[in-house]
Amino acid sequence: AGISKSLALFFASQTMLAPLQLFLFLFNAIFANVLNQEPFNWFGLDGLATFLVMTGVVMGVWGAPKVNHQYSDEQMIELMSHSSFISFSSVASFFIIALYSAKYFILSYCDGHPQNIPQEKGYLRTILNMSYGSLAGAFGGVNVTLTKTVFALMVGQYQEDGLRGVIYSPLCYIVTSILISTYILQVIVTVNGLEVASAIIVISAQAVTEEVVVTLGGILYFEDYMYFTVVGWGIFMA
């Protein structure tokens, strides 16, 4: 799945692909319910929420700009100097630090054992469970954005200077090393979260958070906001 998603970034804008992340939300509910026998009411609020999410996926893909991006090293460095890139980086960094801090302080409070959280402070366990999924999703969203960056650099460098341009691109190597780090962190946080909480909670929080971060990456980092039509923007936001 990860390979297929990465390959898709070669051919489509990140903003258009971002809503498709939420298919993880749908199939997580299906498999957690069928295989793990976790409770899920398909004909109640659970099913209604899932239907609304899938409707939003279709509208998001329909309204998103149908563009793709290629950059040379120089063009990417120029892009990274824009206020929209700085805004995305700041928001993503703050969100990751806030989630990690919440998880760290709650685990410190319960000595690393969530079962020690008193029943009257059950909200702390809820926050802890959500922080695992959301933190994994934030790392995943940054990972997807960096993957798109590497592919855009590879294509841009190849168009400018052939294979030599790709091989001797220092920025490509730097971004790839950060990309690998975010992938490892996402896997670690996800596995730790699944050890203490339901898959429906952790994976659903991960899917939604990752979709939001990927969308912000497309709109702000790659400046897709400039390519929306008025109608497309309305459909996407709805």
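How many disulfides does a search of the whole structure find? The search finds 0 disulfides, a disulfide being a pair of cysteine sulfur atoms within 2.5 Å. The structure is a predicted model, in which local features need pLDDT of at least 70 and side-chain atom pairs count only at pLDDT 80 or more, while totals for chains, interfaces and linings use all residues. Residues are numbered from 1 along each chain as its sequence is written, and side-chain values use heavy atoms, with hydrogens and water left out.

Figure 1. Cys 110 is buried at 3% relative accessibility; buried means under 20% relative accessible area, exposed over 50%, and partly exposed in between (1.4 Å probe, protein chains only). Cys 172 is likewise buried, at 10%.

**Figure 2. Close-up of helix 3 and helix 9.** Helices (H or I, at least four residues) and strands (E, at least two) are DSSP runs, numbered from the N terminus. The axes of helix 3 (residues 23-34) and helix 9 (residues 199-221) cross at roughly 170 degrees and come within 9 Å. Axes are lines fitted to C-alpha atoms, for helices over the stretch in contact, and angles run from 0 to 180 degrees between N-to-C directions. Helix 3 and helix 9 are therefore roughly antiparallel (angles under 35 degrees count as roughly parallel, over 145 as roughly antiparallel, 65 to 115 as roughly perpendicular and the rest as oblique). On helix 3 the contact (heavy atoms within 4.5 Å) is made by Leu 24, Phe 25, Asn 28 and Ala 32. On helix 9, the contributing residues include Ile 200, Ile 203 and Val 208.

**Figure 3. Close-up of helix 8.** Helix 8 (residues 170-196) has 27 residues and reaches 40 Å from its first C-alpha to its last, close to the 39 Å expected at 1.5 Å a residue; the expected span is 1.5 Å times one less than the number of residues. Its buried residues, among them Cys 172, Leu 179 and Thr 182, pack against helix 5 (73-80), helix 7 and helix 9.

Figure 4. Asn 143 lies in helix 7 (residues 122-167) and is buried, with a relative accessible area of 11%. Not counting residues up to four places away in sequence, Asn 143 touches Leu 179, Thr 182 and Tyr 183. Lys 148 is also found in helix 7 and is buried at 1% relative accessibility. Leaving aside neighbours within four places in sequence, Lys 148 is in contact with Leu 9, Ala 12, Gln 14, Asn 68, His 69 and Phe 222.
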